[in-house]
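Take a look at the chain below.

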Amino acid sequence: MKAHYFFWLASVFSLVMLLHSDTVLSQMCEGDHSTLTDDAWQSCVVTVNPNPDRSEGHWIRYDFGSNYQLNQSHFWNYNVSGETSRGVANMIVDWSLDGANWNYWGDINLEEAPGSENYFGETGPDFEGLVVRYLLLSVTSNHGGNCYGFSEVKLDVNSFMGCAEDIVPNGMIDINDVLSLLSQYGCLTECIADVDGDGSVSITDVLAILAVFGQTC
Ligand SMILES: [Ca+2]
Ligand SMILES: [Ca+2]
């Protein structure tokens, strides 16, 4: 079942999420956005990027706590009156399942906010079901200010439970799952590729994954 999740950018390193039934809520920005500094994220000091492929800079990393399928996004740029030039012009989107291995998704460009209460943000990209646990937004340019930031992002997501055979989570049993299993063949403890749950990775796991190859889960 599709649910709507609202994420409020609270700091560079962490994401404040309040659990309420199956929905993650925080600021719950439904439309127009405030001009308060406290309702926005900004970075004025460059720090080491979690993705070694990126240089030091201004970035924010989200840890959703488990895997989710990301869909349509909506962004509100930095909307503090007189400081809207700090708003993001371009940022790189990287995603990860483990927080260590990052994949480039694409770039996002945002318009400068008006710095007024009557600001409804702009439609961001549709991630089309991309399965992630971590999302990393690295700012490459702003609209001219000496700090970098934006106010808020809203993401429509689906809970993603997956299945044991979906070792490289994407909702499908494909060649990447088979290759991951083969790379762990012979594993005896804490084996991610132990799809039949007998404690090790052996021929029975290979047969189990081939039996559902090409299927979704
Ligand atoms: Ca898979
Ligand atoms: Ca096994």
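What follows is a short walk through the fold.

This is a predicted model. The average pLDDT of the chain is 85. A score of at least 70 is reached by 86% of the residues. Residues 1-28 are another matter: there pLDDT stays under 50. The model still has 47 contacts beyond four places in sequence for residues 1-28.

Start the tour at strand 6, which covers residues 58-77. Strand 6 pairs with strand 9, residues 122-142, in the antiparallel sense. The two share 12 bridges. Within this pairing, Asp-63 stands opposite Tyr-134 of strand 9. Strand 6 also pairs with strand 10, residues 148-159. That pairing is antiparallel too and runs over 8 bridges. Here Phe-75 faces Val-153 of strand 10 as its opposite residue.

Now turn to the nonpolar residues. Which residues have the most contacts inside the largest nonpolar core? They are Leu-70, Val-88, Met-91, Val-132, Leu-136, Leu-137 and Phe-150, in a core of 30 residues. At least two residues of this core come from each of strand 6, strand 7 (88-96), strand 9 and strand 10. Strand 9 supplies the largest share, with 8 residues.

Beyond its neighbours within four places in sequence, Leu-137 is in contact with Trp-59, Ile-60, Met-91 and Val-93.

Terms used: Residues are numbered from 1 along each chain as its sequence is written. Chains are lettered from A and ligands numbered from 1 in the order in which they are written. This is a predicted model: local features need pLDDT of at least 70, side-chain atom pairs count only at pLDDT 80 or more; totals for chains, interfaces and linings use all residues. Two strands pair if DSSP finds at least two bridges between them. Helices (H or I, at least four residues) and strands (E, at least two) are DSSP runs, numbered from the N terminus. A nonpolar core is a set of buried Ala, Val, Leu, Ile, Met, Phe, Trp, Tyr and Cys residues joined through C-beta atoms within 7 Å. A residue is buried if 20 or more other C-beta atoms lie within 10 Å of its own, exposed if 12 or fewer, and partly exposed in between; C-beta atoms are placed from the backbone. Two residues are in contact if their C-beta atoms, placed from the backbone, lie within 7 Å. pLDDT is the predictor's confidence in each residue, from 0 to 100.
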